[in-house]
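Trainee: I am new to this structure and would like to know what stands behind the terms used for it. Please show it first.

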Amino acid sequence: MDSKLHLDELLTEVKSRNPKMVLLQIPEGLKTNVVEVEDVFRAEGIPTITVLDPSFGACDIADHKAQLLGCDLLVHFGHSKMLHTGMPVIYWPVEFPLDEKMIPGTVTALKKESFFQTHKKVGIYVTIQFHLHVPEIKAQLEKAEFEVFVGMGDLKDGQILGCDVSARRDIEDKVDANLYFGDGYFHALAIAFASKKPTYQYNPFTLEIEDLAKYKEKYLRQRFGLIAQAKDAHSFAIILSTKKGQLRKALAMRMKTDLEAAGKRAYLVSMEHITPNALMGVDVDAYVNTSCSRIATDDFESYKKPMLTPVEIDILLGKRSAEDYVFDEIKHIGNKNVQ
């Protein structure tokens with residue numbers, strides 16, 4: 001068995017629920033494990049069905065599909081609990097194994113960065129794949145005489161999503177800087193925009209540290225370029241997701257009201273998987289994404305027309321200043337999506 005999946009422990013948890021049939025929801029990165037996982041369940045006489053649709057996070061929970069397929073238990077791999085569901089769910093985070101250089105490399109990287117030679121109060125953040133390692137990261141930094149803070153928001157301690165960096169709230173005023181432990185810039189940039197403090201990223205695979213200021217500036221140039229393109233737009237398609245953790249109907253309705261009050265035409269459209277092809281035939285000048293933040297930020301070049309976030313619409317309409325730009329966050333209070 002693949003040790004990162006801990007299938008023996010998962011089976012123990014599943015058996016305690018005594019399900020008649022289990023739906024397995026597996027993200028793209030674990031598709032190669034589908035047969036392995038199904039075989040383990042089959043050996044125990046537990047019937048399973050695997051969902052092969054893309055899974056973008058715990059916001060994209062397949063509980064309605066489980067019910068439709070006659071399953072009475074859902075196992076959602078790769079993410080931690082984020083919202084309430086309509087049926088029993090086991091959230092099964094997948095740990096990323098680290099080699100012996102990766103965590104000590106954090107100290108080495110910080111000591112090379114001139115900022116940290118005089119600033120020793122650090123807030124650390126991870127995604128769920130690295131959450132298990134937070135105590136060790138903290139211990140290594142404290143051993144090197146850094147003062148380390150781990151915030152607790154609406155998720156696990158120190159854990160963030162690209163759309164939820166609430167872990168910063170109770171440590172923002174205590175730290176000199178933020179340190180994101182992980183690869184990719186989406187999550188780290190979310191902190192950089194939400195916090196007033198400098199934000200750095202330590203990549204455990206390259207053992208390098210980067211100041212995100214330059215990436216923040218590049219991102220802002222791209223986003224304000226799209227806002228400028230949308231200045232002359234007369235019509236907008238406001239996109240509503242049918243994924244329960246991404247559905248923000250009240251926000252979409254406010255966008256429609258605000259755009260129409262500004263003399264624009266606004267149309268509400270809904271879909272589960274948002275793609276450029278799905279929107280190609282819709283005759284509007286620009287789009288407003290109320291779904292997953294990454295659709296507007298990571299894939300914007302794939303769309304023929306400007307794809308803006310609700311924050312950017314507020315800037316476009318003069319309801320928010322450009323200096324007050326922030327990432328589009330989806331609020332989760334008590335693990336329940338509320339906006």
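Trainee: What is the mean pLDDT of the chain, and how many of its residues reach 70 or more?

Mentor: The mean pLDDT is 90, and 96% of the residues reach 70 or more; pLDDT is the predictor's confidence in each residue, from 0 to 100. Over residues 333-339 the pLDDT is below 50. Beyond near neighbours in sequence, that stretch has 25 contacts in the model, contact meaning heavy atoms within 4.5 Å. This is a predicted model, in which local features need pLDDT of at least 70, side-chain atom pairs count only at pLDDT 80 or more, and totals for chains, interfaces and linings use all residues. Residues are numbered from 1 along each chain as its sequence is written, and side-chain values use heavy atoms, with hydrogens and water left out.

Trainee: Why is Ile 124 called buried?

Mentor: Buried means under 20% relative accessible area, exposed over 50%, and partly exposed in between, with a 1.4 Å probe and protein chains only. Ile 124 has 5% relative accessibility, so Ile 124 counts as buried. This residue lies in strand β5. Leaving aside neighbours within four places in sequence, Ile 124 has contacts that include Val 134, Leu 141, Phe 149 and Leu 179.

Trainee: What makes α6 largely enclosed by the rest of the structure?

Mentor: In α6, 8 of the 9 residues are buried, so the helix is largely enclosed. Among them are Phe 186, His 187 and Ile 191. The buried residues of α6 pack against β5 (121-125), β7 (177-181), β8 (199-203), α7 and α10 (293-297). Helices (H or I, at least four residues) and strands (E, at least two) are DSSP runs, numbered from the N terminus.

Trainee: Why are α6 and α7 called roughly perpendicular?

Mentor: Axes are lines fitted to C-alpha atoms, for helices over the stretch in contact, and angles run from 0 to 180 degrees between N-to-C directions. Angles under 35 degrees count as roughly parallel, over 145 as roughly antiparallel, 65 to 115 as roughly perpendicular and the rest as oblique. The axes of α6 (residues 186-194) and α7 (residues 213-229) come within 10 Å and cross at roughly 85°. The two helices are therefore roughly perpendicular to each other.

Trainee: Which residues of α6 and α7 meet?

Mentor: Leu 189, Ala 192 and Phe 193 in α6 meet Tyr 215, Lys 216, Tyr 219 and Leu 220 in α7.

Trainee: How do you know that β6 and β9 stand at the edges of their sheet?

Mentor: Two strands pair if DSSP finds at least two bridges between them. The open sheet has 5 strands in the order β6-β5-β7-β8-β9, with mixed pairing. β6 (147-149) and β9 (208-211) each have a single partner strand, so one side of each is left without a neighbour in the sheet. Within the sheet, β7 and β8 pair in the parallel sense over 4 bridges.

Trainee: Which strands are the edges of the sheet with 4 strands?

Mentor: That open sheet has the order β2-β1-β3-β4 and parallel pairing. Its edge strands are β2 (48-51) and β4 (89-92), each pairing on one side only. 4 bridges join β1 (residues 22-25) to β2, and Val 22 stands opposite Thr 48 in β2.

Trainee: What makes strand β10 mostly covered?

Mentor: In β10 (residues 235-241), 7 of its 7 residues are buried. Both faces are covered, with Ser 235, Ala 237, Ile 239 and Ser 241 on one side and Phe 236, Ile 238 and Leu 240 on the other.
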